[in-house]
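Open the model in your viewer and keep the selection panel at hand. We will go from one stop to the next.

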Number of protein chains: 2
Amino acid sequence: MDYEVIGKRVPNIDAPPKSRGQAQYLDDIKLPNMLHSKMLRSPLAHARILNIDVSRAKAMPGVKAVVTGHDFPPVKWGTGYQGADQTTLALDKVRHFGDGVAAVAAIDEEIAEEALSLIRVDYEPLPALFDPLEAMKPGALKIHEDREDNIADRVNKAFGDVERGFRESDHVREDTFTTAPNNHAPLEPHAAIGLWHDDGNITLWTTCQAPFIVRRGLCKPLGVAEDKVHVIRSEVGGGFGGKMETMSHQIVPVFLSKLTGSPVKMILSREEVFISTRQRQPSIFKLRTGVKKDGTLVSQDARFIVDCGAYKGLGPIIIIIGAYMLMLPYIIPNFRYEGIRVYTNKPVGGPLRGHGAPQARFAMESQLDMIAKDIGVDPVDIRVKNSVYVGYDHPGKQQIFSCGFKEDVGSVAREMNWRERKGKLPEGHGIGIGASGLFSGVKYQPHYGGSTTIQINMDAGINVLCGATDIGQGVNTIICQIVAEELGCRFEDVHLITGDTRAAPYDYGTFGSGVTFRIGHSTLSAAKEVKKQLLQAVAPHLEVSYEELDARAGRVFVKGHMEKGISFREAIRIFSYAGNPMPLVGRGYYEPDTEPGTELVKKEGQFSPTYAFIAQGAEVKVDKETGEVKILKLITADECGQILNPINVEGQVDGSAVGGAGLACFEDIPHSNGQYLNSSFLDYLLPTTLDAPVETRGLEMKTIDPKGPFGAKEAGEGVMVPTAPAIANAIFDAIGVRIHDLPITPDKIMKALEKKKLEGTRT
Amino acid sequence: MDYEVIGKRVPNIDAPPKSRGQAQYLDDIKLPNMLHSKMLRSPLAHARILNIDVSRAKAMPGVKAVVTGHDFPPVKWGTGYQGADQTTLALDKVRHFGDGVAAVAAIDEEIAEEALSLIRVDYEPLPALFDPLEAMKPGALKIHEDREDNIADRVNKAFGDVERGFRESDHVREDTFTTAPNNHAPLEPHAAIGLWHDDGNITLWTTCQAPFIVRRGLCKPLGVAEDKVHVIRSEVGGGFGGKMETMSHQIVPVFLSKLTGSPVKMILSREEVFISTRQRQPSIFKLRTGVKKDGTLVSQDARFIVDCGAYKGLGPIIIIIGAYMLMLPYIIPNFRYEGIRVYTNKPVGGPLRGHGAPQARFAMESQLDMIAKDIGVDPVDIRVKNSVYVGYDHPGKQQIFSCGFKEDVGSVAREMNWRERKGKLPEGHGIGIGASGLFSGVKYQPHYGGSTTIQINMDAGINVLCGATDIGQGVNTIICQIVAEELGCRFEDVHLITGDTRAAPYDYGTFGSGVTFRIGHSTLSAAKEVKKQLLQAVAPHLEVSYEELDARAGRVFVKGHMEKGISFREAIRIFSYAGNPMPLVGRGYYEPDTEPGTELVKKEGQFSPTYAFIAQGAEVKVDKETGEVKILKLITADECGQILNPINVEGQVDGSAVGGAGLACFEDIPHSNGQYLNSSFLDYLLPTTLDAPVETRGLEMKTIDPKGPFGAKEAGEGVMVPTAPAIANAIFDAIGVRIHDLPITPDKIMKALEKKKLEGTRT
């Protein structure tokens with residue numbers, strides 16, 4: 001298609017205010033008479049609370065309120081699906097290091113902090129569970145006394161006949177892989193300001209990815225109706241899945257505001273971000289796969305055990321995604337999957353980019369290379385051979401509407417000069433490939449879609465109200481591009497109002513690579529509605545029927561005769577002077593088709609409106625003396641449909657690839673008795689510019705998705721999914737050792753080299 | 001009508017946050033990297049600027065920018081109608097004490113203030129004009145060199161044959177009255193924060209009455225298109241007409257932001273509010289009136305000379321209102337009027353409650369009592385006799401749609417026990433009456449109406465977007481009442497979003513007693529649109545046609561069978577689940593019917609969609625030893641149509657009556673060579689609780705206006721219009737002296753008593 005704005009390198013509208021320091025992050029918001037709050041947190045991973053004495057804190061000058069768990073409404077909550085398990089502050093027990101125990105509101109942060117030190121909590125330490133395999137065992141101590149066992153969530157999925165599949169396979173192998181906890185590490189810590197109004201309304205200012213989800217999450221713990229809660233999202237300084245759900249740091253200040261009558265701010269410290277928000281959930285992935293000798297996949301049996309930490313949070317869907325992202329992009333006729341999420345006495349797990357997909361793909365893409373080696377097939381060929389395709393009758397009832405996966409793999413192989421280099425580079429230098437499919441939004445909850453309202457006043461400025469959240473991926477810019485494209489007006493005349501759950505219409509939130517897809521549709525519909533009304537008003541003026549009109553380049557004109565027309569601004573004037581009520585309003589709504597009775601745990605069906613497919617090539621050098629891995633290249637082919645804005649996609653590809661490198665080689669959170677040992681940016685190993693891949697690059701792919709707005713689908717999140725196996729495969733190519741456990745740190749490489757040396761054989 | 005919410009004593013929704021200190025006024029807004037600015041102002045009333053040296057100020061550490069008039073785009077602006085006459089800062093001449101000369105942006109207010117003291121301005125003093133009569137004289141020095149004379153604006157209006165009317169009159173008298181300047185005296189000073197974005201968009205946070213008017217006003221001086229300007233109105237701490245138009249304190253910080261890349265705040269000092277914003281325009285009202293011996297008004301010739309100060313501002317309409325508010329509420333068959341607005345070297349005049357009406361009514365209602373006395377007719381009778389009425393064929397083509405004026409006068413007279421007490425109270429104790437009509441909004445500018453958009457998401461909260469500004473009169477509460485009434489939902493489920501020119505649809509602004517009238521209509525329309533869609537969706541569910549349904553008390557039900565229904569919340573759910581796009585949107589628009597070719601200066605026509613009529617009785621005691629007037633009572637009958645909220649109307653009646661008392665007896669701004677002598681709350685005589693009338697009371701009147709939303713019309717502003725003549729008339733009744741000049745201060749009374757004593761006669 002010949003677009004004017006779509007697909008163009010339109011600079012991100014949020015970039016100038018952010019780089020100028022004009023953007024207003026949560027901590028920049030200062031309200032009249034605002035109080036500051038701090039939370040007292042458990043120093044133990046598991047303990048009974050015998051007594052809390054807040055009397056000295058309460059008596060301290062400048063302290064306005066002190067609360068403990070029993071002050072809150074006596075309800076448990078949780079954004080999860082299978083029952084609530086968390087209270088806003090701990091009641092009689094703490095279940096992880098950092099669990100909230102008490103909170104203070106005071107006239108400044110220092111007093112609040114000091115008041116915490118005056119609260120005396122008597123704990124009776126309890127034995128703690130840190131290993132999900134231990135926690136799963138029958139008879140293990142129960143972290144939640146009111147539950148049967150420590151299984152937080154369980155999902156099963158199957159099709160075909162797996163056992164027969166294995167019998168019919170020429171080669172079967174079973175491997176186990178593990179992944180580590182990762183922190184989202186947003187530059188901006190989690191933060192909120194709560195204001196409980198006298199009339200029972202609540203305003204919550206917060207940094208978050210999904211203001212409407214946060215709004216809903218406040219209702220139960222505070223005992224209020226959803227429409228009484230007004231969430232105003234501040235600028236988001238990084239989300240990555242870690243600012244989706246409602247957490248105690250958002251509930252507590254609202255409650256403290258109820259007690260004090262003032263707005264109450266809470267800004268988490270960096271350590272609190274680590275220990276009290278969410279993290280990527282560590283996992284154990286056991287995979288048994290059977291193939292024909294030509295590499296055709298026949299059967300697969302998978303078990304995904306996830307350490308969810310002390311509470312469920314919004315994390316359960318990880319074991320659903322683990323299944324779905326194992327079912328793509330390869331044809332596997334016989335499939336059995338069990339996902340189990342297990343409580344431990346560790347901080348709470350939640351979504352982080354990919355959310356189950358990186359864990360599943362690390363296992364699958366590593367094992368696929370091992371199988372390829374076992375049977376003497378090229379890793380590229382085995383991937384292409386088993387690829388799904390448009391119209392493939394997926395036994396799990398996944399529907400493929402567009403698929404450039406083979407082209408992805410081929411392009412990456414060509415770009416890497418695969419045939420000439422694979423297995424032929426000098427010792428210590430290697431290349432590898434990884435691949436994945438990825439969802440473009442999720443569709444398991446009906447009637448929660450995305451919506452856009454456009455209002456145009458006499459000044460002809462196009463005011464777009466939208467509840468979507470830009471967390472850096474650029475959806476704000478995309479919304480303006482879509483409106484400008486459809487209305488044929490200037491991009492800079494589109495003004496976006498967002499982030500306010502009362503001004504903007506509902507949007508489900510930014511997660512699951514769904515917001516641009518969903519809001520793209522609703523915005524396009526709203527713009528179409530505006531355009532139709534406008535052309536109908538202008539048609540008599542130009543003495544044609546409205547179907548003969550078009551809008552483009554800031555003009556409304558007779559199709560094919562741009563000179564027979566008027567400016568967009570004049571068109572608005574004509575609309576108004578024709579007696580039409582102002583403002584001109586257009587409204588758009590989108591929700592993915594949802595099958596009736598769709599549930600989180602189900603045997604089959606579509607998880608997402610459509611899927612993107614990604615292949616990624618990694619090139620590494622490994623220092624065999626130190627075990628250090630230098631990532632030279634990450635080359636990605638993400639056939640993400642029509643690219644709406646190349647700048648955004650490139651930013652996503654680069655950012656995700658670096659994130660993938662972190663997941664693969666750097667990021668881990670070790671603990672001692674449940675206490676995190678590296679809860680700071682000094683100690684937590686985010687890849688720095690020195691660690692990051694020397695080159696990250698996205699290849700341009702040409703898919704157009706029939707379900708996507710302008711043909712677009714997922715772009716970005718999927719890029720980090722195949723990175724870890726691509727690097728693991730490249731390391732194997734370089735030095736002949738296979739690392740099963742993420743992150744692939746120098747000590748693991750040295751140990752593996754040592755073992756290989758001892759064995760005296762190539763693995 | 002039997003309303004559920006309309007007409008009820010619903011507490012003002014803005015009251016709790018304001019009384020809690022939660023409301024965010026402009027100075028409460030603190031943005032990241034914000035700078036502070038101050039303006040250097042002329043110490044002379046009229047002078048040539050020979051040179052400005054800003055070099056020392058620019059060099060001062062902490063100073064980020066210094067500007068003078070020549071730094072701005074070379075344009076003149078003005079919100080007035082007949083040509084622009086003002087620059088943002090003075091160019092080569094200052095024209096009044098306080099005229100802006102230079103401005104500084106610095107990292108804090110103290111540095112900005114100190115930097116001002118480092119700016120050296122060389123002035124050549126010029127002779128100055130302070131008296132409009134002098135300024136009007138041919139050959140007077142010209143305040144604006146590029147104009148023919150010092151006449152800023154002129155309006156003529158006539159019907160009938162005035163000279164024949166005087167010949168046919170039995171009695172003709174001519175009197176001259178003067179009124180003083182008054183300050184609006186908002187508790188919150190004028191203030192703004194400007195932010196010029198890199199992409200050319202501008203955000204202006206400001207305290208104002210009409211964000212869309214302020215938006216338009218920024219365009220010319222800054223050279224930007226209207227839709228590029230985003231105005232966010234903060235809570236308004238008092239307006240009274242003084243925060244309607246765009247002024248330099250709003251333009252300058254935006255421009256300083258352009259230079260610095262940071263948001264720039266400007267808060268005026270109290271003295272700056274007096275000398276640099278606006279004031280009630282002092283005037284001379286010459287009135288010649290002829291009557292038949294029974295009191296029937298026959299002919300009237302009026303000349304209204306207004307001192308506009310150094311620039312026109314938004315003030316010109318005062319001489320239009322002077323005409324229209326003289327043409328009501330009495331039948332005057334022959335009428336001639338000239339309004340002239342004259343430049344002087346004084347601070348700029350602008351609208352203040354009534355804006356021309358108090359001046360005209362002070363003259364007319366005072367003279368009417370003098371005429372009544374001359375011809376021996378009772379003041380009450382002469383008012384009733386000459387009253388207009390519904391359907392009266394007004395020779396000036398004013399249309400009267402509802403009129404309870406006779407009832408107003410009758411009710412006040414009865415309440416004051418007029419017949420028994422008028423002229424019969426002991427010396428020093430008197431009663432008097434005054435009257436007026438008042439506009440309910442103005443209708444001279446087509447295509448600028450008011451609009452409301454309602455959005456309802458799945459949570460069933462009713463989100464109302466409206467550009468109207470509540471400046472204390474309670475329109476926010478009224479909007480919620482109207483929506484709740486029409487949708488039959490709970491008042492507290494209506495949530496209002498306002499004050500943002502991009503989120504809210506256009507509204508003309510809060511002035512001219514028009515906002516509730518206009519926005520009442522648009523809100524009602526929007527609610528009707530929502531209701532229709534909702535009932536249509538619910539009808540199949542209840543197995544009736546939608547016309548058979550009603551919504552009331554939080555339920556949608558079959559008319560007459562409230563049990564056959566569902567809750568409002570359930571109705572929204574049904575709407576959504578019926579496949580309708582969400583949110584449910586309703587849109588409403590209202591603009592008064594406007595005759596084609598309507599102009600500011602025209603011979604005839606309707607000024608307002610409808611008029612309210614007010615009578616007011618005053619009871620005073622005058623201390624003949626000191627001249628002090630004690631206002632015992634102000635009893636008002638304002639037949640304001642259907643009362644939408646009695647609490648609001650009562651507040652308006654009380655507040656306006658006290659304001660009227662200030663205008664009548666206290667407020668004046670003396671000057672010395674153009675320098676104001678009382679620019680502080682210590683010196684400016686606002687009536688305190690000790691000065692205020694002992695009793696202010698509104699009588700309940702029963703008019704329903706066919707043009708108004710639910711039958712409502714003007715309520716409040718009109719109450720202060722007849723106060724000055726009512727008090728002047730009561731003073732005459734008490735001590736037999738007639739004061740022609742406002743305010744009626746003790747010294748004027750003592751002088752008049754002295755003169756009367758010398759003359760030895762009763763005037």
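In which loop of chain A is P583(A) found? Select P583(A): it sits in the loop between α16 and β23 of chain A. This is a predicted model, so treat each stop as a computed feature. The peptide bond joining M582(A) and P583(A) is cis, with omega about -5 degrees.

Go to L328(A) and P329(A). The peptide bond between them is also cis, and its omega is near 5 degrees. P329(A) belongs to the loop between α9 (317-324) and β15 (334-343) of chain A.

**Two positive phi values**

Select S513(A). Its phi is near 50 degrees, which is positive in a residue other than glycine. Look for S513(A) in the loop between β19 and α15 (515-542) of chain A. Is S513(A) buried or exposed? S513(A) counts as buried, because it has 26 C-beta neighbours inside 10 Å.

Next, N673(A). This residue is not a glycine either, yet its phi is positive, about 50 degrees. N673(A) lies in the loop between β26 (671-672) and β27 (675-676) of chain A. N673(A) has 12 C-beta neighbours inside 10 Å, so it counts as exposed.

**Zoom out to chain A**

Show chain A as a cartoon. It has 19 helices and 28 strands. The C-alpha trace spans about 85 × 75 × 50 Å along its principal axes. For 763 residues, a compact globule would have a radius of gyration near 27 Å, and chain A agrees with 27 Å. Buried residues make up 61% of the chain.

**Into the core**

Select I727(A), I731(A), I727(B) and I731(B). These residues have the most contacts inside the largest nonpolar core, which has 473 residues. Stay on I731(B). Leaving aside neighbours within four places in sequence, its contacts include G430(B), V620(B), V629(B) and I744(B).

**Where the chains meet**

Show both chains. Chain A gives 48 residues to the contact, and chain B gives 48 residues. Colour α1 (15-20), β17 (450-456), β18 (462-466), β19 (494-498), α16 (568-577) and β23 (584-590) of chain A: each supplies at least two residues of the side that touches chain B. That side of chain A divides into 20 nonpolar, 16 polar and 12 charged residues.

A turn of 180 degrees with a shift of 0.0 Å along the axis does it, with an RMSD of 0.1 Å. The two copies are therefore related as by a two-fold rotation axis. The same surface serves both copies: 100% of the contact residues of chain A recur in chain B.

Conventions. Residues numbered from 1 in each chain as written. Chains lettered and ligands numbered in written order. Predicted model: local features only at pLDDT ≥ 70, side-chain atom pairs only at ≥ 80, totals over all residues. Least-squares fit on C-alpha atoms with pLDDT ≥ 70 in both. Contact = placed C-beta atoms within 7 Å. Helix = DSSP H or I, 4+ residues; strand = E, 2+ residues; numbered from the N terminus. Rg over C-alpha atoms; globule rule 2.2 N^0.38 Å. Buried ≥ 20, exposed ≤ 12 C-beta atoms within 10 Å, placed from the backbone. Core = buried A, V, L, I, M, F, W, Y, C linked by C-beta atoms within 7 Å. Nonpolar A, V, L, I, M, F, W, Y, C, P; charged D, E, K, R; others polar.
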